[in-house]
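Please keep the sequence and the coordinates in view while reading.

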Amino acid sequence: MANYVMFCILAVVILGSAVLCVTTKRIMRAATFLLFVLFGVAGLYFLLDYTFLGAAQISIYAGGVTMLYVFAIQLVGKRSLQGLIERLKGSRVAFGAIISLIGLATVCVVLLKNKFMFAACQVSDVEVPMNEIGHALVGADKYQYVLPFELISVFLLACIIGGLAIARKDSVRKEE
């Protein structure tokens with residue numbers, strides 16, 4: 001019963017923080033709410049007795065959010081950090097809502113057609129050992145994840161370099 005209550009608390013924290021992260025107009029608040037989401041996910045890992053994944057979630061992703069703070073301060077102009085608000089047109093909001101509903105309908109049709117929801121509700125009694133999870137994360141065979149991790153790291157490096165290039169162009173323009 002305590003696990004169920006703790007799961008409900010973590011779910012409310014994660015969902016509430018995620019919604020606030022997306023809807024806030026200040027970048028520092030968004031990053032803070034993202035930090036709460038990541039801590040909530042780490043709490044779910046600890047609740048499932050996956051202490052290694054929980055510790056990795058806190059150390060890697062919380063450290064990543066700290067880097068997000070640094071890059072947000074460096075790359076975003078001072079006026080944006082002080083709360084300069086971009087006005088959204090009603091047509092853009094309506095278009096985004098329509099696209100979101102089409103995406104939701106597509107996901108629901110795929111899940112119901114493949115009967116994934118019914119198979120996911122059946123919980124296995126077999127516990128997956130931690131060494132199998134580790135081999136799946138760093139293995140290069142089928143259904144293992146080292147190549148996607150490497151591609152994501154190269155993509156993030158390209159994003160950082162692009163952000164630095166944009167910031168440098170703005171500083172060169174201000175000097176002229």
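## Tyrosine 45 and the basis of the model

Tyrosine 45 has a relative accessible area of 28% and therefore counts as partly exposed, where buried means under 20% relative accessible area, exposed means over 50%, and partly exposed lies in between, with a 1.4 Å probe and protein chains only. Tyrosine 45 belongs to helix 2, and its C-alpha atom is separated by 8.7 Å from that of alanine 55, which is 10 residues apart from it along the chain.

The model is predicted, with local features needing pLDDT of at least 70 and side-chain atom pairs counting only at pLDDT 80 or more, while totals for chains, interfaces and linings use all residues. Residues are numbered from 1 along each chain as its sequence is written, and side-chain values use heavy atoms, with hydrogens and water left out.

## Overall fold

The protein has 8 helices and 0 strands, where helices (H or I, at least four residues) and strands (E, at least two) are DSSP runs numbered from the N terminus. Along the sequence the pattern reads α-α-α-α-α-α-α-α, and buried residues account for 13% of the 176 residues.

## Packing of helix 1 and helix 2

Two packed helices are described by the angle between their axes and the distance between the axes. Helix 1 and helix 2 pack at an angle of about 160°, with axes 8 Å apart; the axes are lines fitted to C-alpha atoms over the stretch in contact, and angles run from 0 to 180 degrees between N-to-C directions. The two helices are therefore roughly antiparallel, a term for angles over 145 degrees, as against under 35 for roughly parallel, 65 to 115 for roughly perpendicular and oblique for the rest.

## Surface patch and a positive phi

Met1, Tyr4, Val5, Met6, Ile9, Val13 and Phe36 make a nonpolar surface patch of about 720 Å². Patch residues have over 30% relative accessible area and no salt bridge, with nonpolar side chains (Val, Leu, Ile, Met, Phe, Trp, Tyr) joined within 5 Å and like charges within 9 Å; a salt bridge is a side-chain nitrogen of Lys or Arg within 4 Å of a carboxyl oxygen of Asp or Glu. Helix 1 (residues 2-23) contributes the largest share of the patch, 5 residues, whereas methionine 1 sits in the segment before helix 1 and counts as exposed at 78% relative accessibility.

Aspartate 49 lies in the loop between helix 2 (27-47) and helix 3 (51-75). Although aspartate 49 is not a glycine, its phi is positive, at about 65°, and the residue is exposed, with a relative accessible area of 63%.

Notes
Areas by Shrake-Rupley, 256 points an atom, 1.4 Å probe, with all protein chains shown as cover.
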